[in-house]
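Here is a short briefing on a ligand shell and a pair of helices. Look over the structure, then read the points below.

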Amino acid sequence: TEACLKAIDGAGALNAFVHHTPEIALEQAVKADARLKEGDAPAMCGLPIGMKDLFCTKGVPSQAGSRILEGFLPEYESTVSQNLFDAGAVMLGKLNMDEFAMGSSNETSVYGNAVNPWRRGNDDTALTPGGSSGGSASAVAADLCLAATGTDTGGSIRQPAAFTGITGIKPTYGRCSRWGVVAFASSLDQAGPMTKNVRDAAIMLEAMCSYDAKDSTSADLPVPDFEAALTGDMRGKKIGIPKEYRMDGMPEEIETLWQDGIAMMKDAGAEIVDISLPHTKYALPAYYVIAPAEASSNLARYDGVRYGHRATLDQGDGITEMYEKTRAEGFGPEVQRRVMVGTYVLSAGFYDAYYNRARKVRTLIKRDFENVFAQGIDSILTPATPSAAFGLGEMASADPVQMYLNDVFTVTVNLAGLPGIAVPTGTDRQGLPMALQLIGRPWEEADLLSSAYALE
Ligand code: GLN
């Protein structure tokens, strides 16, 4: 813990940690030492981790990367962070992220972007660690902590993991409690671990999951011993390769990475099967209707009354002006765009044309996966991202759709509620990390982690 605290102090330029909690860390570390001495050492005993700023942590600033939550100190602990503390984990601080988890580059954060510790060859250009869990990815990749929590609504664990050469798993929807995690799009949001390797991911995921009556979508299922399931033995397993993920204009390096992954799976004994997920091309448009719709509803609670920031008012301003000024000041441009898109697609005149249609598309995407699993496919291998990490400021905010394309391989998994993992398996010609994604059957994280282990 002390070594990590020191590393964090020396790595301010990465802007990964946005709230430091050394007192909490040292107190938890002393307790962990005592537990170790008593021979009562749970799985994460004494392991220093970082917490994404989206998790409400009792008495510790939890701003979700937004100005509107300035000064908010939660009265309660999120279930996931509490589970980690119960398992002995030590919290070093809160990690940078895109505002309300909306983004793919960490550039929408009120704290300014986190920075990727990797560089392109000798080129000094600062690169994005990805988003929205960019601070988590940067901190783990730079050895500021042993692991970190992330959340994934459309790719926010897997894409930053891919950009920084670490491992990130989004479990099946319902595995981790959403209680105390600031809501973005409630039917898509899931927490998960971001770690240095698959074994760490297995250990940390097990500590994070639990049935929680405080989250109505939490699954009342036993949590398996994920670490014990890691064999990497793929004999008798069928890996599907979906043809729709081979996109026009896909960089050759990604294609090569994918082929190398297929070869690794064959070597480990897997049977490779070509499959089709015909509705894949509609996933991104459906996601960018459903996620903003849910966000516009979830973010209605930030009204300047109950939480955080409130605008200074002029003489004669009423409650409407208070809402308007507070929300105009408190939300950044990307969040405002999502709230406006979401409100539009939910409005009486357009609800059927957009929101309901997107929900139908979502069902078709889910059925695509159900069909291939019914054919005996155990997991699906795809690229994790369409490129390696890009330069900060390179993807112009003038064209948000360009940024949204980052999620092309990851959003289907959230729409279908499935588990997905990004594993670093290679580098591009400039030496930047690149990752493959494995998508698993619902609740089969143990099998998914074991398959990912075969790719390491
Ligand atoms: N980049 C996607 C978005 O902006 C996904 C974000 C996430 O998974 N939280 O919505």
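The shell around the ligand has four nonpolar, seven polar and two charged residues. Here Ala, Val, Leu, Ile, Met, Phe, Trp, Tyr, Cys and Pro count as nonpolar, Asp, Glu, Lys and Arg as charged, and the others, Gly among them, as polar. The model is predicted: local features need pLDDT of at least 70, side-chain atom pairs count only at pLDDT 80 or more, and totals for chains, interfaces and linings use all residues. Residues are numbered from 1 along each chain as its sequence is written.

**Ligand**
- Ala101, Ser104, Thr153, Gly154 and Ser156 come nearest among the 13 residues around the ligand (near means a C-beta atom, placed from the backbone, within 6 Å).

**Helices α6 and α14**
- The axes of α6 (residues 198-208) and α14 (residues 445-455) come within 9 Å and cross at roughly 165 degrees.
- Axes are lines fitted to C-alpha atoms, for helices over the stretch in contact, and angles run from 0 to 180 degrees between N-to-C directions.
- The two helices are therefore roughly antiparallel (angles over 145 degrees).
- Val198, Ala201, Ala202 and Leu205 of α6 meet Glu445, Leu449, Ala452 and Tyr453 of α14 (contact: C-beta atoms, placed from the backbone, within 7 Å).
- Seven of these contact residues are nonpolar, none is polar and one is charged.

**Burial of α6**
- Ten of the eleven residues of α6 are buried (20 or more other C-beta atoms within 10 Å of a residue's own, all placed from the backbone).

Definitions and conventions
Helix = DSSP H or I, 4+ residues; strand = E, 2+ residues; numbered from the N terminus. Parallel < 35°, antiparallel > 145°, perpendicular 65-115°, else oblique. Contact = placed C-beta atoms within 7 Å. Buried ≥ 20, exposed ≤ 12 C-beta atoms within 10 Å, placed from the backbone.
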